[in-house]
Amino acid sequence: MKRYAIQLAYDGTSFSGLQRQKESRGIQEVVEEALERISGEPTPVIAAGRTDGGVHARGQVISFSLRKEWDPEILRKALDFHLENSIRAIRAAVVPSRFSARKDALWREYVYQIWDAPFIFPHVQGYAWWIRSSWNWEAVRQATEHLRGNHDFTAFCRAGDLPENPRRTISAVSLARRGPLVRFRIRGKSFLTNMVRIILGCLAEVGRGRREPDWIAALLRGASRTQAGPTAPPGGLCLWKVGYEPSPWIPLVGLAGNAYSRSEGADSVPPEETVFSADGDGTEE
């Protein structure tokens, strides 16, 4: 059996989320059906991050095993052929037999897009939260500063899904803008259910002047979900990138045999004007 990793990008609008659902279609179901058509047998996948219904992904990573040995680029093209247009295979790699897209991930990075203008282009709608009336972005910036570090995110978890340990560590947060498009970027090892969308809902309360920026700090001291703001719409959220060390997308040099092989895929985005960064350097990757 050979182990593979594939980066997926998808438009989550018409899906109930990543995981298989009894009464609706999930991304996992569609991908596993495509892999079964390729391999001729059931092929379960492990995903790096769970996304809710309507949430998109640019950098989702899945891992799985196949009996047949495939060239990564040929496998990527074969999977892409059997997937529907709203799901695309971006790049593929052969990985060690114990590689897990979920357990081996060092961090996950999400981007939430906000459209700050009195109008919106049709091709943007569905991929950004159109707020119509501009927020107080300086207040939002101040509120965002409180998120970095290790905190109790109980107030930022969907009711009924709170784990025994609700503490999470956020390693980087930034707010960037290009014209009317504002991107909120957040990175951490793991996230609670709906955590990023609830954070955005709370930042909206601050941006609209209903709450002070320090309210976020108070919520992070163990407040309940009922004390926090609403959950932001799913369409603005995207699983942007997942980090591994070593990266499956970079060939290892100097080791016996090929520990990894890869297919190429774009991993860069145009620069943005970063108006706030809490990761210390104010840069975009």
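Select Asn194 to begin: this residue is buried (under 20% relative accessible area, where exposed is over 50% and partly exposed lies in between, with a 1.4 Å probe and protein chains only), at a relative accessible area of 10%. The model is predicted, so local features need pLDDT of at least 70 and side-chain atom pairs count only at pLDDT 80 or more, while totals for chains, interfaces and linings use all residues. Residues are numbered from 1 along each chain as its sequence is written, and side-chain values use heavy atoms, with hydrogens and water left out.

Asn194 sits in the loop between strand S9 (181-188) and H4; helices (H or I, at least four residues) and strands (E, at least two) are DSSP runs numbered from the N terminus. Although Asn194 is not a glycine, its phi is positive, about 65°. Most residues other than glycine have a negative phi.

Next, select Phe156. Not counting residues up to four places away in sequence, Phe156 touches Thr193, Asn194, Met195, Ile198, Ile199, Cys202, Leu219 and Leu220, contact meaning heavy atoms within 4.5 Å. Phe156 and Phe184 touch the most other members of the largest nonpolar core, which has 80 residues. Such a core is a set of buried Ala, Val, Leu, Ile, Met, Phe, Trp, Tyr and Cys residues joined through side-chain atoms within 4.5 Å. Helix H4 (residues 195-207) gives the most to this core, with nine residues. Apart from it lies another core of seven residues, including Trp115, Ala117, Val124 and Ala128.

Now display helix H3 (residues 137-144) together with H4. Their axes are 8 Å apart and the helices pack at about 135°, the axes being lines fitted to C-alpha atoms over the stretch in contact, with angles from 0 to 180 degrees between N-to-C directions. H3 and H4 are therefore oblique to each other; angles under 35 degrees count as roughly parallel, over 145 as roughly antiparallel, 65 to 115 as roughly perpendicular and the rest as oblique. Ala139, Val140, Ala143 and Thr144 in H3 meet Leu203, Val206 and Gly207 in H4.

Move to helix H1 (residues 27-39) and helix H2 (residues 72-82), whose axes come within 9 Å and cross at roughly 120°. That makes H1 oblique to H2. Val31, Ala34, Leu35, Arg37 and Ile38 of H1 make the contact with Ala78, Leu79 and His82 of H2.

Finally, select Pro246, in the loop between strand S10 (237-243) and strand S11 (261-262). The peptide bond from Glu245 to Pro246 is cis, with omega near 0°.
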